[in-house]
Every structure is written in structure tokens, then in C-alpha cells.
Amino acid sequence: MPTVAEQLIDTLYAAGVRHIYGLVGDSLNPVTDAIRDHDDMEWVHCHNEEAAAFAAAAEAQLTGRLAVCAASCGPGNTHLIQGLFDAHRTGAPVLAIASHIPSAQIGTTYFQETHPERLFVECSHWCEMVNGPEQMPRAVRIAMQAAVGQRGVAVMVLPGDVSSQDAAHPTAISDGPVPPATVLPDPERVDRLAALIDDAEKIALFAGAGVAGSRDTVVSFAELVKAPVGHSLGGKEWIQYDNPFDVGMSGLLGYGACHEALHEADLVILLGTDFPYDDFLPQRNTVQIDIAPERLGRRSVLELGIVGDVGETLRAVMGKITPKTDESFLDDMLRRHEKALTRVVDAYTKKAEKLVPIHPEYVAAILDDVAAEDAIFTVDTGMCNVWAARYITPNGRRRVIGSFRHGTMANALPHAIGAQTAYPGRQVVSMSGDGGLSMLLGELLTAREHDLPLNVVLFNNGSLGMVRLEMLVAGYPYFGTDHPSPDFATIAKGAGIASWTVEKPGEVRGALTEAFAHDGPTLVDVRTDPNALSLPPSITGGQVKGFALAATRTVLDGGVGRMIDLARSNLRNIPR
């Protein structure tokens with residue numbers, strides 16, 4: 001008769017799980033021993049449970065399949081929570097095994113006692129404690145289905161003494177976990193959408209991550225209604241590439257003409273986006289299409305909300321509308337988009353190959369050029385988000401992930417660990433900031449111990465750049481943001497990782513090329529300019545005043561890179 005822990009691992013394996021990320025501990029011992037005794041299940045030892053949860057989140061986000069992390073009782077569980085919040089808000093199907101103190105001691109303020117069944121409620125769809133062997137294996141099947149079916153985190157709390165007991169029921173293999181079905185729109189609401197489209201003269205589309213898998217349909221719809229297409233950061237990788245209607249991105253990291261298009265249109269259609277910044281939306285003449293009904297109307301006043309898959313909804317309405325013939329609004333926005341990008345080209349290219357400290361935009365542009373066509377980029381929160389959003393070119397094969405919804409620091413390296421574990425044959429690039437890397441620096445050891453050939457490209461400016469920008473915008477002189485950086489290349493070298501220090505622009509391409517060709521983990525420490533900041537596409541008078549009150553800094557207000565080539569190519573057929 002297997003133990004409860006062995007039954008748990010056998011059930012996870014039958015569901016397709018092959019890796020469990022975590023850190024060993026006494027209450028978790030029965031589970032880790034069951035993994036040790038299983039021929040085909042890998043324990044990916046991390047140096048912080050937070051990193052284990054991030055790694056699982058990355059694997060789940062990239063593969064769309066269930067990923068698993070585990071932690072021991074007390075502090076082990078509380079370390080998990082940051083990565084689980086990230087996974088849950090991203091919609092990544094992650095199961096966390098949170099081991100617990102001996103069941104007889106629960107409620108006695110025992111050593112390391114917490115209440116994980118309460119702790120994780122806010123960052124999960126399902127969080128329950130297994131009180132005895134009789135609840136298994138049904139409890140783990142419920143947990144897996146909750147994570148996959150509801151797209152988020154499930155937490156199974158498992159006391160160590162329970163996991164070591166003999167199983168009470170056979171490990172029957174059940175079908176699942178079953179992914180969600182495609183959501184079809186209500187026909188009456190499709191008719192209402194068709195009427196709104198026919199009545200509108202200027203239509204703009206704003207795409208989020210929910211357009212994944214529907215790119216061709218969105219582009220065909222944009223052609224039919226002559227609409228410019230903007231996107232959120234989460235939607236960029238799915239819709240921006242080879243898009244003849246692209247007008248850039250809105251939000252704090254935005255660029256191009258997206259903001260103008262949304263505010264000058266007389267009908268805005270939000271496609272699969274939970275874009276959080278309501279101040280950037282026009283708050284009028286808006287339709288929202290999403291598979292999750294709870295998202296409708298929580299960012300904008302709506303003329304119409306439709307619960308449905310983006311592709312299915314657009315295909316349903318395309319046969320009911322009259323094609324538009326007036327392209328003047330679209331053409332105007334495409335011209336403005338190209339102009340917005342062209343205006344700032346010199347800001348990062350003019351003598352950039354000679355300027356020291358190195359312009360981070362220059363580094364990102366070279367990285368975009370050198371990286372593989374199917375590379376996976378993981379991006380630290382902060383200014384690295386800006387450089388990835390504006391300079392990493394999507395192509396339908398690359399992936400770009402980060403803590404785009406939870407916005408926590410230190411995510412890029414542990415995300416890269418999960419990405420490389422899931423895809424050992426693909427190039428994985430962690431775009432790390434020195435602040436983020438410092439927080440979970442020990443995960444360099446994880447990369448080395450598992451011989452993961454991931455590449456850390458460190459944008460090292462000795463500053464918490466995004467926080468510095470936020471202070472300046474608010475009118476505060478920046479304080480507490482700038483700190484001397486250690487020699488990260490030497491630290492990495494001491495951990496057995498091949499490393500390079502880059503202080504001159506002319507060295508960037510060579511160092512990246514060498515690093516990407518290396519068989520094993522690498523770190524390229526690039527010393528970048530802390531004064532390279534960014535502005536969103538629309539700012540208030542108060543924010544401008546804030547800059548004047550605080551200090552004068554180098555500020556970029558647009559995106560460039562290869563996107564400008566796309567913008568210019570989209571103008572070829574527009575009458576001048």
C-alpha cells in the first residue's frame with residue numbers, strides 16, 4: 001500500500017506533471033522522499049520557496065499545463081506567497097503543496113505554526129487542508145482541476161504526519177485535469193455589437209493577452225472595419241508582429257499612437273484585456289469582450305459587454321456588419337504612430353555606440369538582434385519592463401513573460417529557471433535589473449546546480465530606476481533608490497557561472513554573442529545609464545510639474561527598435 005505522499009506523486013505524474021519546484025524541509029520529507037523514489041519525477045531544488053513558485057508559474061504560463069511547487073511548514077509556506085500571487089494574477093495553472101505541522105499540534109501555537117489554509121486564500125481559487133488519508137486521492141484531483149479549469153492557483157495543505165500515512169483508497173487514475181471549454185458569445189449581444197459597429201465611423205481595437213490564438217481573426221476584423229490596433233503589454237507578443245494596423249501600446253510603458261487612437265475613436269473595442277489603468281481608457285463608447293464575466297466593466301464604463309472567446313465573437317459578428325470603406329481615421333493613426341517612433345530614434349541611436357555609461361535602450365536593441373528567433377525572455381519588474389516592451393520584437397515564436405500583473409521585483413531569474421526547465425532546448429534570456437537580481441541572488445546557484453543554460457542579461461545601473469521615475473513624476477527628489485552595485489560578474493564566476501562585465505557599448509554585441517553560444521548558465525553584467533528613464537504616452541500637467549520640481553533627467557517618450565520598420569512599412573500604401 002503506498003503512502004499518501006506516494007499516492008500524491010503518482011496522481012500528479014499521471015496528470016502530466018514531471019517537475020516539482022521547491023525547498024526540502026522536515027514536514028515535507030514524506031513528499032520529497034516519494035519524489036526521490038519515483039523514476040520519472042524531478043525535484044528542482046531552489047534556494048528560496050518564492051523562486052520555486054515563480055519557476056512553476058513560468059512553466060505553467062508558457063506550457064499552459066499544470067505546474068507544481070512545494071514548501072515546508074511555517075516560513076517555507078510564507079516564502080511561497082509572492083510567487084503564488086504572481087501565478088494567480090497571471091492565470092497560470094499552479095498547484096502548491098503546502099506542508100503543515102503535525103495535525104495533532106494544529107491550533108497550539110506549535111513551532112513554525114501558521115494557518116496556510118487561511119494564508120493562501122487570496123491568491124488561489126482553491127485552498128483546503130487534507131485532514132486524513134481518506135480524502136486522497138480525490139483532494140488532489142479537485143486541486144488540479146481547480147488550477148487548470150479556473151486558470152490560477154490551487155493550494156493543498158498537507159500535514160507531514162498525514163502524508164506519511166498509508167493511503168486509504170487505491171490510486172485510481174481519473175481523466176483530467178480538463179482545460180476550460182471555448183466560450184461562445186450570446187447571439188443577441190453579437191447582434192447589438194454589429195449595430196454599434198455599423199453606426200460607428202471611427203473604430204479602435206485594444207488587444208490584451210486574451211487574443212492569443214486569435215491573431216489572424218483580429219487582423220481580418222481590423223481590415224474589415226478599418227480600425228487601428230493597439231495593445232497592452234500582455235497582448236504585445238500575440239498581436240503586434242507583422243500587423244499592418246499596429247499603433248503601439250498604451251499604459252505606463254506605452255509608445256506610439258495607441259493612446260490617441262483610443263481617445264479619438266467613437267467606438268473602442270477591448271479584446272481579451274484586463275488592462276489595469278483606467279486613467280488611460282476613454283471611459284466612453286466602449287465595448288469589452290472577455291471570457292471572464294467578472295472582468296467586464298471593472299476598468300471602463302461600457303456600452304456593451306460580451307462574455308465570449310475573442311476569436312469566436314469576432315467571427316460571429318463579421319458576417320453581420322457592413323464593411324467600412326473610409327480609411328481616413330486608420331491612415332491618420334498609422335501616420336501618427338510612425339511619426340511618434342521616428343521622433344525618438346536619435347535619442348537612442350545618436351552616438352549610442354560611443355556613450356558611457358551605456359544606454360540601456362541600446363543594449364535592448366542589440367539583445368533583440370542577437371537573440372534567437374524562438375527565444376523566451378523573462379523580464380524583471382521596473383525599467384526592464386520598459387526596454388522589453390519597446391525593443392524586444394515579437395514574431396509569433398518568441399515569448400516574453402514577466403510579473404506584468406502582480407508587479408513584484410526579482411521575478412526574471414526564477415521565471416527563467418522554470419522556462420528553461422520546461423524547454424531545455426530553447427534559448428532563455430533573463431532581462432534582470434540589479435535590484436531584482438540582488439533580491440533572489442541565490443537562484444544563480446539553482447541555475448548552476450541544475451546546469452540550466454539560461455542567460456542572465458543584467459541591466460546594471462545601480463538604481464531602482466522605476467521607483468526613481470515615480471518619485472520624479474510625483475515631484476519628489478529621488479531618495480533611497482541609488483546604491484553601489486557589487487561586481488555581479490565576479491559573484492557569478494564564484495558560483496561557477498560563465499560571466500562577462502561590459503562597460504563600453506562596443507563590447508555589448510560580442511559579449512552577448514559569446515554568452516548565448518556558451519553551453520551552460522551565463523551572466524552578462526552591462527553597466528547602464530541610471531538616467532535613462534521613460535514617460536508614458538500621455539502625462540498630466542501635474543506630472544510635468546513634478547519633473548520640474550524634482551530635477552532634470554534624460555527622458556524618452558516613445559518606442560523604437562525594429563518596430564519603426566513595421567510602422568514605416570505600414571505607411572507604404574497610404575496616400576501622402
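What pLDDT does the protein chain average? This is a predicted model, in which local features need pLDDT of at least 70 and side-chain atom pairs count only at pLDDT 80 or more, while totals for chains, interfaces and linings use all residues. Residues are numbered from 1 along each chain as its sequence is written, and side-chain values use heavy atoms, with hydrogens and water left out.

The chain averages 91, and 90% of the residues score at least 70; pLDDT is the predictor's confidence in each residue, from 0 to 100. Where pLDDT is low, the predicted coordinates should not be read in detail.

Helices here are DSSP runs of H or I with at least four residues, and strands are E runs of at least two, numbered from the N terminus.

| Helix | Residues | Buried |
|---|---|---|
| α1 | 4-14 | V4, A5, Q7, L8, I9, T11, L12 |
| α2 | 29-36 | V31, T32, A34, I35 |

In α2, V31, T32, A34 and I35 are the buried ones. They cover an arc of only 155° around the axis (taken from the directions from the helix axis to the C-beta atoms), which puts them on the same side of α2. Their cover includes α1, β1, β2, β6 and α7. Just after α1, G16 takes a positive phi of about 105°.

Then there's an open sheet of 6 strands, with parallel pairing and the order β2-β1-β3-β4-β6-β5. Strands pair if DSSP finds at least two bridges between them. β2 and β5 stand at the edges with a single partner strand each, so one side of each has no neighbour in the sheet. Inside it, β1 and β3 pair over 3 bridges, and Y21 has C69 in β3 as its bridge partner.

Key: Buried < 20%, exposed > 50% of the residue type's maximum accessible area, 1.4 Å probe, protein only. Contact = heavy atoms within 4.5 Å.
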